[in-house]
Each structure stands twice: as structure tokens, then as C-alpha cells.
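Thanks for making the time this morning. I would like to walk you through one model, going from a single side chain out to a sheet, and I will keep to what can be read from the coordinates.

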Amino acid sequence: MADHEINAGFMPLFDSAVLIAAREIGFAAREGIELKLSRETSWANIRDRIAIGHFDVAHMLGPMPLACNLGLTPLASDTIVPFSLGLGGNCVTVSNTVWEGMAAHGAKSDLDPLQNGAALRELIRARAAIEATPLRFAVTHPHSGHNYELRYWLAGCGIDPSREVEIVIVPPPFMADALAAGRIDGYCVGEPWNSVSVVAGKGHIATVKAAIWRASPEKVLGVRKSWARDHPDALSALLRALHHAARWCQDPSNHHELTALMVQPGFLGQPAEIQMRALTGLLDVGGGVLRQVEDFFLPFDKAANFPWKSHALWFYTQMVRWGEIRHTPTNAAIARDCYRPDLYRAALKPLGVALPGANAKVEGALTSATPVGSSGAGLVLGPDGFFDGRIFDPDQIDTYIAAQASGLSPLP
């Protein structure tokens with residue numbers, strides 16, 4: 001009989017693999033956990049079910065716990081993040097018609113965010129000149145990395161995401177169908193839903209998260225704060241199980257077993273060949289053109305599971321930038337305290353694994369793989385650059401927010 005029973009929700013995205021592997025490969029059971037997984041169809045369901053106590057923990061969008069704690073959700077709830085489920089994994093996919101228009105303005109199938117973003121800008125301006133309907137892009141949720149990285153990319157390429165395009169919400173499993181039906185012109189989502197459009201011959205990948213912000217945060221383990229307080233041993237055991245599962249998922253020798261697991265209808269339900277693109281970073285961007293993307297999706301390497309407070313604070317700056325929340329010292333503190341590296345360290349210290357010595361870091365500053373201070377095993381981070389060359393120093397958050405508001409670079 002298990003020592004702990006934990007109810008967890010997840011979305012059918014490849015980056016739910018760490019949570020699924022924890023149960024299916026037996027890592028949770030070895031830690032004395034009966035992990036019960038529930039597959040959901042929208043992030044709103046995940047958000048609401050953890051708020052009302054149906055789930056103890058959940059596969060969540062990185063910014064979503066911040067939104068819960070800042071009162072931006074219909075059912076505000078205290079949610080913490082003691083573990084990240086991986087880095088990267090998203091793409092921006094456009095319809096074939098939009099891609100043809102971008103190509104006419106210089107876009108290439110190399111995933112370059114600067115050149116392809118400039119081409120999209122010129123296409124948007126050309127359409128505006130003939131009073132065409134603005135392009136409609138979909139993201140998975142208002143408080144998502146998808147929304148903020150899409151907006152960051154567009155704004156960095158001279159496109160006003162609040163006025164020159166329309167951004168709507170579509171659940172991840174419906175993205176490819178919405179594009180094929182002509183209801184949207186493009187979207188930002190995690191794999192495999194970009195490759196699904198490419199395989200169907202309906203879409204073209206314009207750029208990827210790993211090019212917009214390399215080694216950047218995506219999904220996390222969201223935990224009800226009250227449950228974490230009342231069940232500290234269960235939470236620590238779960239974090240250890242997820243650590244072992246993440247390392248197992250990263251290992252190439254396990255990739256065929258992992259994709260065979262995820263192909264089941266109750267999990268991801270997509271062919272193994274499509275899933276393997278996320279694991280290898282070898283993407284068909286459209287028309288059979290293959291591109292290798294380094295660090296496309298990292299479930300374990302480069303401290304992928306550490307809940308950096310600087311990740312939480314960058315998400316917070318984007319909430320401020322796009323008018324979702326007012327910047328105050330209190331709000332910034334709520335965002336900072338949402339991510340809990342202390343709980344991560346406490347759970348994993350007995351394993352002797354690499355534990356970063358700091359709680360936050362300057363984001364976008366590493367241009368190459370760099371050894372950093374850690375306890376336990378050695379740790380290498382980076383590269384982690386933003387496509388526009390900017391950096392985010394969490395100790396200079398006021399300056400960064402002011403620079404974004406003025407349209408200037410946050411660089412000193």
C-alpha cells in the first residue's frame with residue numbers, strides 16, 4: 001500500500017512526459033506514491049480544478065501560478081512552484097498562406113526569429129495598406145509562456161501585438177484543426193501540435209521558443225500551497241520521483257520507450273514519429289525541410305527542473321508590460337515567492353544531485369555553456385540568450401519594466 005496518494009491533472013502536450021513517466025515507469029511508486037493522473041482538455045480546467053481542490057498538483061503553464069496568486073484568475077488560489085517540468089518545446093506555426101506571404105518578404109525556413117519576424121511585419125503592413133482583416137494568432141491561455149513569448153517576439157520585430165494582430169485563446173489539442181479550418185492564421189503552442197499541422201500539410205513553423213529565448217521556462221508543477229503545507233513528506237517524495245523521471249526522459253536510450261508510452265490515447269495519443277521531433281529537436285518545419293534545433297526541449301539537462309525565481313519575475317514583467325497587473329513592490333514579491341527553490345533543494349539534497357547555489361540568475365547573459373556554482377554534482381547552464389540580445393536582471397526589475405514601457409532596450 002502506498003504511503004501517499006496524490007491527484008494530478010495534466011494536458012496532452014509532450015512536456016507532460018515527466019509527470020506521466022513518474023507514474024508509468026514506476027518512479028512515483030518507488031517513492032511510496034500512488035500518483036493518480038487526470039487528462040484535461042484546457043488550461044482553464046486545470047486552473048479551476050486545482051483551485052477547488054480536485055487536484056493536489058498539476059502540470060501547469062509557468063505563469064499560471066503567478067496569476068492565481070495575484071488574483072488574476074476567476075478562482076484565485078495560493079499555488080506554488082517547487083519544480084519545473086522542462087525548458088523550451090514551443091513553436092510559432094503559421095498557415096501556408098501566411099507563410100507564402102512571409103516568404104515573399106524574405107522569410108526563410110531556417111527558424112530565424114529576426115528575419116522571419118521582419119518578414120511577418122512587412123506582410124502585416126502590406127495587408128493593412130489594403131485594409132485586410134488583421135491576422136489572428138492563437139495562444140493556449142492568457143497567462144501562458146506562449147502568450148508572452150509570442151508578444152515578446154512580435155514586439156521585438158516591430159509589430160504591436162495589441163493593435164496590429166488579434167490574439168485569441170484556443171486549447172492546445174484544437175490548434176491544428178482551427179488552423180486547417182481557417183479560423184486562425186497562426187499559433188504558438190507546445191509540441192506535438194505544431195508538427196501535427198506540418199504533417200497535415202496545413203502549416204509551416206516560422207520560429208521556435210528555443211530561438212526566441214533559449215533554455216527558457218515552459219511548464220511547471222503547480223501545487224496547492226495548503227496541500228504542500230499539510231503534506232510535506234508527500235511533496236518531497238513526489239519531487240524526488242519527478243527528478244528521476246525527468247532524468248529518464250532526457251536519456252536518448254529511453255526515447256523509444258517514452259514515445260511508445262505517450263502514444264496511448266489516455267496520454268498524448270499522437271504517433272511516435274511526431275513525438276520524436278520534440279525529443280531530438282529535428283523538426284520538419286514545412287514542405288519536408290528539416291532543421292536541427294539545439295536545446296529544443298530539455299526535460300532534465302541544464303537545471304531544467306530548478307524553479308528559478310528569475311523565471312517567475314520575467315513572467316511577472318510581461319504581465320505588467322501587457323497591462324494585466326500593476327507593478328508594485330507587493331505584486332513583485334508575490335510573483336517572486338511563488339517559485340520555491342527551497343522546497344526543491346530540501347527534497348533533492350539527500351540524493352547528492354546538482355543544486356544551484358543561487359535562487360535567481362541574470363537571464364539571457366550566457367552566450368555559451370558555462371559551469372556555475374552548485375552543491376552536490378557539477379552544473380552547467382546556458383547558452384540562454386534572448387533573440388534580440390537583451391538581458392533580464394531580476395535585481396533591476398524596475399529598470400527593465402520602465403524600459404519595456406518606453407519601448408527601449410532594458411540593457412543598461
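What follows takes up a histidine, then the aromatic rings, then a sheet and finally a threonine in a loop. Please keep in mind throughout that this is a predicted model.

Let me begin with His 146, which lies in helix H7, the helix that covers residues 145–156. Is this histidine buried or exposed? Its relative accessibility is 0%, and His 146 therefore counts as buried. Its side chain has a polar contact of 3.0 Å with the side chain of Thr 140, and there is another polar contact, of 3.5 Å, with the side chain of Asn 90.

Let me turn now to the aromatic rings, of which the structure holds 13 pairs. One of them is formed by Tyr 152 and Phe 386, with 5.5 Å from centre to centre and 40 degrees between the planes, and this pair is classed as tilted. Because Tyr 152 lies in helix H7 while Phe 386 lies in the loop between strand E18 (379–381) and helix H18 (397–406), the pair ties together parts that are 234 residues apart in sequence. Both Tyr 152 and Phe 386 are buried.

A second pair is made by Phe 306 and Tyr 344, whose ring centres are 5.3 Å apart and whose planes stand at 90 degrees, so this one is edge-to-face. Here too distant parts of the chain are linked, since Phe 306 sits in the loop between strand E14 (297–298) and helix H15 (309–321), Tyr 344 sits in helix H17 (residues 341–348), and the two are 38 residues apart. Phe 306 is buried, with a relative accessible area of 1%, and Tyr 344 is buried as well, at 5%.

Going back to Tyr 152 and Phe 386, ring pairs link these two with Trp 213, Trp 314, Phe 315 and Phe 387 into a cluster. There are also charged side chains over rings: Arg 151 lies over the face of Trp 322, at 5.3 Å from the ring centre, and Lys 361 lies over the face of Trp 308, at 5.2 Å from the ring centre.

Next comes the sheet, which is open, has 5 strands in the order E2-E1-E3-E11-E4, and shows mixed pairing. Which strands stand at its edges? They are strand E2 (33–39) and strand E4 (79–84), each of which has a single partner strand, so one side of each is left without a neighbour in the sheet. On average, and with direction ignored, neighbouring strands of this sheet are turned by 35 degrees against each other. E4 pairs with strand E11 (residues 219–224) in the antiparallel sense over 4 bridges, and Phe 83 has Leu 221 in E11 as its bridge partner. Helix H1 (residues 17–24) packs on this sheet and touches E1, E2, E3, E4 and E11, its direction making about 135 degrees with that of E2.

Lastly, Thr 73 lies in the loop between helix H4 (64–69) and E4. At 8% relative accessibility, Thr 73 counts as buried, and, not counting residues up to four places away in sequence, Thr 73 touches Arg 47, Ala 67 and Cys 68.

Definitions and conventions
Residues numbered from 1 in each chain as written. Predicted model: local features only at pLDDT ≥ 70, side-chain atom pairs only at ≥ 80, totals over all residues. Heavy atoms only, no water. Buried < 20%, exposed > 50% of the residue type's maximum accessible area, 1.4 Å probe, protein only. Polar contact = N/O pair within 3.5 Å; in protein donor to acceptor, adjacent residues only side chain to side chain. Phe/Tyr/Trp six-rings, centres within 6.5 Å; stacked < 30°, edge-to-face > 60°. Lys NZ or Arg CZ within 6 Å of the ring centre and 35° of its normal. Pairing = 2+ DSSP bridges. Axes fitted to C-alpha atoms, helices over the stretch in contact; angles between N-to-C directions. Contact = heavy atoms within 4.5 Å.
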